[in-house]
Amino acid sequence: ASFTIPLRAGDNITITMKARPGVYPGCQIRVKNSIKFELKIRPGENVTFSFTCRTPEKYFTMEIQKNIDCVSGPCPFGEVHLHPAGLPRLNSTFTWDVRASTKAGLELKFSSPWLRQVEPGETCPDGVSYNINSCIDKATVDIGTFCRNGSVARVKLLGGVVMALRLPWDSPLATSGFHIANRASIKRLCVIESIFKGESSITLMSPNYPLGFPEDELMTWEFVVPSNMRASVFFHNYSLSNCERKEERVEYHIPGSPSNPEVFQLGDSQPANIPGSFNLSLQGCDQDAQNPGVLRLLFQVIVQHPQVDENVTYLVDLSKEWNMTVTIHLEGWPGHTPLLAEPMCLICKDPRSCDRALTLASGTVHRISFLCKDLSRLRVTAEKAISCVDFRWCQRKVYALVVPKAITQLPIRLHKFIWKLLAPDLLNIEIMAPSLKLQQHIPEQRCNTSYSYSIVSATPAAELNVGVFCPGGAIEKIQMRNNITISLRTFGKGFLNDSGQQDLKMSFVPHIKDECTFTVSPAPRSKVYLQTPNWPYGLPPYISISWYVAVPSGQEALLRFSRERMGLACETGRAYLSLKEEAPRAEETVRREDEALPRPRTLHHPFWLNISNCKPLEKTQLTLHFWVTLADKGTDLGVILAVVAGAGVLVAIGATVCCVKKKKKKKTQSPMVGVYNTQVNTQPPGPRGLFPKGRKANESHVYAVIDDAMVYGHLLKESNGSLTPEVDVYRPFEGPVGTLPPSPPPFSFRKDIKRSSTTEEPPPGGEDTDQDTYTFAHQKSERLEDDGDKNEQNSGDTSTSLLEKKDHDALVE
């Protein structure tokens, strides 16, 4: 199709059609016999043209500019039309450049549904946008960009105006949507009027946002609000310039106020709950020429009906609290709060001072009220710091970690209560739950309570996430070496009923050896699941964690690990797991990271479990998951058979030892070999004695000590092999049994450091080795320990350290 556009000289209209940037030139403009990629039609010209394609909107845009002179001639008041008619359907920009005197500004009036301001670069839903610029002499100020469907009804400008209307090619809009109303002197940069008819909100920005408000300028926003409504102002983003003279501020003219104008700094909490219409003005200053800075402001006005309970005052008594802050906020705080086009919940500390979030300090009494239809959208977050100044006084004090009643009595749900526990260098922190105890939240043992505690310890290198815990478990105490943050979180409304049962306490204790120590006191016939801190990311390098598990009297504990190995490879150092019962002459089990973990084991006494980490290789972490099952002490069939079999072997060997006579060994005689004779009578002796010569005549008394645990210790091993313990790998526990965990193996005792990288030789005494648990039985007699060490060094057979004899006539196996 061809288009004919006649432009009269008096219309002062110029039309330009040009190719869209970045689009392949697949279409041209045909004017008479010439082909063009750009066509410009000036005032007084009559041009007929056509396109060489059927979809020119994909390749071309159109600009229509009209100049209006309101200085030397009459100003065309009234509706501004889209001229000329019969234009092709292209993405178009209509621009009206209106010249006016600064003594008589211009007023632009917009048709319903009015306009709403958007940030530069934001697109409008229907693609229709207005951009308003004020022209004062040769300076141009960007008043703002607007979309349709808002509350901005009028804009008054000092001097001339450049109005740009952008329309997509398929827009049905046939009118400009604004009028040039009249000329009026406003003595300020501009005045923007917003009209509210009901509950709604509007976002507005200062001119030239975000580049900066002009120096030493003044502008005003007029808000027309129904008398039965309430308005509140919130500054969301602002910055200040560097002033040489005057000061930057905002002024409010509120009808009925005893002190108009009310002056506020941009950083102040702005007025809220304003009844009816009001004005807001922004005043700039004389800026520093060398470093002017930027003055900008983005704010929101919310209009809503008066709330039914706005006169209800709630008392928050924090006069007896110290180092605590309480913040009442909307759900989702402190993240980014979207600028919603609906009324918001407001918290007020007086009728005119309201905000979305209100922070209350400790040491005083606060009276607050709410402008909110639905209080369930509000939350409370509190934070309390506990520190120690005089450590001699701190060690005698127990602090209760409970939520104050001043918070639980509010009609608002508690979101989070944070305790920051700060310990001095000479003290550590102990957390106690003496009555409710704590349960660790893990997949097999999930918390199902109205609240939980998240515990984080700050190690020198990084944070250690100890875990999530809730009441009703078996963990009685947790001791940690560093500062701790405990966060109480609530779930649902049940915390209001459960808050009175809180029993979490803390105290400062002397220095502890491990990074973290758990005291676990399971109930009889219960099952407790436990896992290492920092799950699932693994323990930090070179730290040690301990668990002390109490086994009640009359109970026995079955310890199981969730997997067979640690699943860890060390770059530096070694990782160890040690297990020891709190009982006299108890064995200590030690595992290294390259060995299998202990198999399920029944323990009859309280025990310590310690884990010490190395520096892991990349992509490997030390994470252990285990559980303890308590049951009544019983003797099932397997236990009975094992006891009977063990007793039979002991009786048979005892009878054999008693029947073997000791003879003098000749130097040329080969050593005798002890053979077990199955025909030996193992029944108790009858009336006739076995030793007619008497005890002094025979040599049955040459065995000074026979320690059953050492002679038959191999029967207690988890495998049938034998392994000579290497004393350079681990030093056994030799001190008294107490409430402290066993010492973790020092990193200086490592197999790798004391051996070369070549293949290790098998231990003396055989090629079979036991890669299972290293066990050590400690004797009370120093003589026995010394003899055992010598025999181990000389022969490699630890069994020879069990016998102290005058000479060797026979070796009894």
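**Salt bridges, disulfides and a covered strand**

Arg525 is exposed, with a relative accessible area of 57%; here exposed denotes over 50% relative accessible area, buried under 20%, and partly exposed the range in between (1.4 Å probe, protein chains only). The structure is a predicted model, in which local features need pLDDT of at least 70 and side-chain atom pairs count only at pLDDT 80 or more, whereas totals for chains, interfaces and linings use all residues. Residues are numbered from 1 along each chain as its sequence is written, and side-chain values use heavy atoms, with hydrogens and water left out.

The side chain of Arg525 meets that of Asp632 in a salt bridge, at 3.1 Å from N to O. This pair links distant parts of the chain, 107 residues apart: Arg525 lies in the loop between strand 44 (516-520) and strand 45 (527-531), and Asp632 in strand 54 (residues 625-632). Strands (E, at least two residues) are DSSP runs numbered from the N terminus. Asp632 is partly exposed, with a relative accessible area of 42%.

A salt bridge is taken as a side-chain nitrogen of Lys or Arg within 4 Å of a carboxyl oxygen of Asp or Glu, and by this rule the count comes to 16. One of them joins Arg154 to Glu107, with 2.9 Å between the closest N and O atoms. Because Arg154 belongs to strand 14 (residues 152-157) and Glu107 to strand 10 (residues 105-110), the pair ties together parts that are 47 residues apart in sequence. Arg154 is partly exposed at 22% relative accessible area, while Glu107 is buried at 6%. Together with Glu193, Glu107 and Arg154 are linked in a network of salt bridges.

Asp286 is buried, with 12% relative accessibility, whereas Arg245 is exposed at 57%.

A disulfide, defined as a pair of cysteine sulfur atoms within 2.5 Å, also involves strand 21. Cys243 is joined to Cys285 with an S to S distance of 1.9 Å, and the link is left-handed, with -85° about the S-S bond. Since Cys243 lies in strand 21 and Cys285 in the loop between strand 25 (278-283) and strand 26, the pair ties together parts that are 42 residues apart in sequence. Cys243 is partly exposed at 33% relative accessibility, but Cys285 is buried at 1%.

In the whole structure, 9 disulfides are found. Among them, Cys70 and Cys75 are joined at 2.0 Å from S to S, in a right-handed link with 60° about the S-S bond; both cysteines are buried. Another disulfide is formed by Cys345 and Cys372, with sulfur atoms 1.7 Å apart.

Strand 50 (residues 588-592) is mostly covered, with 5 of its 5 residues buried. In a regular strand the side chains alternate between the two faces of the sheet. In strand 50 both faces are covered, with Glu588, Val590 and Arg592 buried on one side and Thr589 and Arg591 on the other. Strand 49 (residues 576-581) pairs with strand 50 in the antiparallel sense over 5 bridges, pairing requiring at least two DSSP bridges between two strands. Ser578 stands opposite Val590 in strand 50. In the hairpin of strand 49 and strand 50, 6 residues lie between the strands, and Arg585 takes a positive phi near 55°.

Technical notes
Helix = DSSP H or I, 4+ residues; strand = E, 2+ residues; numbered from the N terminus.
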